[in-house]
Amino acid sequence: MLTAATRSPHYADILARVRRLSVEEQLALVADIATVLQAAVHTEDELREAAYLAESPAFRRIAERSLQEIEAGRVRPVEELLGEL
């Protein structure tokens, strides 16, 4: 990834700007970048999980039955639904 970054025409400018930051500002920037990356990975994991569940016949049956129960005015406790999953 560093190789790809060094090819960027803006890399030298970005690096120069980062070097002008204080150590505390650099650490804060690193923490911000880590947070964004973690959120992106988390989101990607959620998308994969949602796609997996969407393909699951068992999940579809549970979802359909739950929607029918909601439409009929019946509601199950969340613990019961999670236990079934």
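Arg-48 and Asp-45 are joined through their side chains by a salt bridge, with N and O 3.5 Å apart. A salt bridge here is a side-chain nitrogen of Lys or Arg within 4 Å of a carboxyl oxygen of Asp or Glu. Both Arg-48 and Asp-45 belong to helix α3, where they are three residues apart, about one turn of the helix. Asp-45 is partly exposed, because its relative accessible area is 38%; the class in between runs from buried (under 20%) to exposed (over 50%), using a 1.4 Å probe and protein chains only.

The model is predicted: local features need pLDDT of at least 70, side-chain atom pairs count only at pLDDT 80 or more, and totals for chains, interfaces and linings use all residues. Residues are numbered from 1 along each chain as its sequence is written, and side-chain values use heavy atoms, with hydrogens and water left out.

## Overall make-up

The protein has five helices and zero strands, so that the pattern along the sequence reads α-α-α-α-α. Helices (H or I, at least four residues) and strands (E, at least two) are DSSP runs, numbered from the N terminus.

Of the 85 residues, 6% count as buried. The accessible surface of the protein is about 7,500 Å², and carbon and sulfur atoms make up 63% of this surface. Such areas come from the Shrake-Rupley method with a 1.4 Å probe; for residues, only the protein chains shown count as cover.

## The other salt bridges

The structure holds three salt bridges. One of them links the side chains of Arg-17 and Asp-13, at 3.3 Å from N to O. These two residues are about one helical turn apart, because they are four residues apart in helix α2 (residues 11-20). Arg-17 is exposed, at 52% relative accessibility, whereas Asp-13 is partly exposed, at 37%.

Another salt bridge is formed by Glu-69 and Arg-65, whose closest N and O atoms are 3.8 Å apart. Glu-69 and Arg-65 are four residues apart in helix α4 and therefore separated by about one helical turn. Arg-65 is partly exposed, with 34% relative accessibility, while Glu-69 is buried, with 12%.

## Helix α4 and its two sides

Helix α4 covers residues 57-71. Its 15 residues should span 21 Å at 1.5 Å a residue, and the C-alpha atoms at its ends are 21 Å apart, which agrees. The expected span is 1.5 Å times one less than the number of residues.

The buried residues of α4 are Ile-62, Ser-66 and Glu-69. They lie on the same side of α4, because they cover an arc of only 60° around the axis. The arc is that of the directions from the helix axis to the C-beta atoms. On the face turned away from this buried side are the exposed residues Pro-57, Arg-61, Leu-67, Gln-68 and Glu-71.

Apart from neighbours within four places in sequence, Glu-69 is in contact with Arg-74 and Arg-76, where contact means heavy atoms within 4.5 Å.

## A nonpolar patch

Leu-29, Ile-33 and Leu-37 form a nonpolar patch on the surface, and their accessible area together is about 250 Å². Patches are made of residues with over 30% relative accessible area and no salt bridge; like charges are joined within 9 Å, and nonpolar side chains (Val, Leu, Ile, Met, Phe, Trp, Tyr) within 5 Å. Leu-29 lies in helix α3 (residues 23-55) and is partly exposed, at 31% relative accessible area.
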